[in-house]
Structures are given as structure tokens and as C-alpha cells.
Amino acid sequence: MAENAALPLPQPTALSRPFWDACRRGELIVQRCRACGHYIFIPEPVCANCFSADLEWVPSNGRGTLYSYTVVWRPQQPAFPVPYIVAIIEMEEGWYPLTNLIECAPEDVRIGMPVKVQFQPVSEEITLPMFRPV
Ligand code: ZN
């Protein structure tokens, strides 16, 4: 486990706790609207597409392609080792998590590259879903 006490970590809420519990088990899940099929990320109480509150958690296959990214050299918190890559992934299911791309040098990053989830435990409670090239 990469312990770094200075790192700011997500604070699970009643709404987001199923997501973080799944990450800790090594599973990636996402909300989906039972009424219209729309995927929802980050977790919300209602569907952003049709406003239905009939949402469910469904498994993701953890695979996608790099949709957009930036390389951070000057972090907002000095606890973050630089450089690191902030990325938006286009998941195969059609949702777009904001995450980190790891195990990839900044000069090797390409839009559209295939990636898969890789879970990174950072505390007893929190495991972050990051992505790496495949
Ligand atoms: Zn909907």
C-alpha cells in the first residue's frame, strides 16, 4: 500500500460508498438508470438524462480508451509526486471517469490508447481506480 499521510483522499458519502467499497474489493461499478439506460458518473441521486431516481449499480469491465489528459508538473498539493497524468477515460460502456493514467511516461501518452483499470490502495478505506495502458 502506498501510504502518504499528506495525500488528500476521497471522503465517501452515503451516495458514493458503494463505489468506494467496490474499489476496495477490486471491482469497478457504475450507476445506471433503469428508466433510460444512461450511465452516471460521478454518483448522483437522479439520472442526469431523464431525472429518474430509479438507479442501480452495475459492474464495469474496466476497459476503455484515453479520451483526454493533462500532465501535471505543479500540483495543488505538494504531497502529489510529479509528474502525474490526469485523464478522462471513455469506458467501453460509454461513461467517462476522471482518473490518473499510471505506468505510462508522459511522452508515451496518446489520445485513443487502450487502457484498463488498475486499483491502487492508498489507505485502509480508500482504493483508487486508476488506469494503465494495455
Ligand atoms: Zn435516465
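Me: Let's start with C36: is it buried, partly exposed or exposed?
Reply: C36 counts as partly exposed, because its relative accessibility is 35%. Keep in mind that this is a predicted model.

Me: And what about C47, buried or exposed?
Reply: C47 is buried, with a relative accessible area of 0%.

Me: Which residues coordinate the zinc ion?
Reply: The zinc ion is held by the SG atoms of C33, C36, C47 and C50, at 2.3 to 2.4 Å.

Me: Where do C36 and C47 sit in the chain?
Reply: C36 is in the loop between β1 (29-33) and β2 (39-40), and C47 is in the loop between β2 and β3 (55-59). They are 11 residues apart, and the pair links distant parts of the chain.

Me: How are the donor residues of the zinc ion spaced in sequence?
Reply: The spacing is C-x2-C-x10-C-x2-C.

Me: Why is the arrangement around the zinc ion tetrahedral?
Reply: It counts as tetrahedral because the four donor atoms subtend angles of 103 to 116 degrees. To be called tetrahedral, four donors need all angles between 85 and 135 degrees.

Me: What is the ideal angle for four tetrahedral donors?
Reply: The ideal value is 109.5 degrees.

Me: New topic, salt bridges. How many are there in the whole structure?
Reply: A search of the whole structure finds seven.

Me: Nice, what does R32 pair with?
Reply: R32 forms a salt bridge with E56, and their closest N and O atoms are 3.2 Å apart. This pair links distant parts of the chain, with R32 in strand β1 and E56 in strand β3, 24 residues apart. R32 is partly exposed, at 26% relative accessibility.

Me: What about E103, which residue does it bridge to?
Reply: E103 bridges to R132, with the closest N and O atoms 4.0 Å apart. E103 lies in the loop between β6 (98-101) and β7 (114-121), while R132 is in strand β8 (residues 127-133), 29 residues away.

Me: Are those two buried or exposed?
Reply: E103 counts as exposed at 56% relative accessibility, whereas R132 counts as partly exposed at 23%.

Methods: Residues numbered from 1 in each chain as written. Predicted model: local features only at pLDDT ≥ 70, side-chain atom pairs only at ≥ 80, totals over all residues. Heavy atoms only, no water. Donors = N, O, S within 2.8 Å, 3.2 Å for Na, K, Ca; no water. Tetrahedral: all angles 85-135°; square planar, octahedral: opposite > 155°, others 65-115°. Helix = DSSP H or I, 4+ residues; strand = E, 2+ residues; numbered from the N terminus. Buried < 20%, exposed > 50% of the residue type's maximum accessible area, 1.4 Å probe, protein only. Salt bridge = Lys/Arg side-chain N within 4 Å of Asp/Glu carboxyl O.
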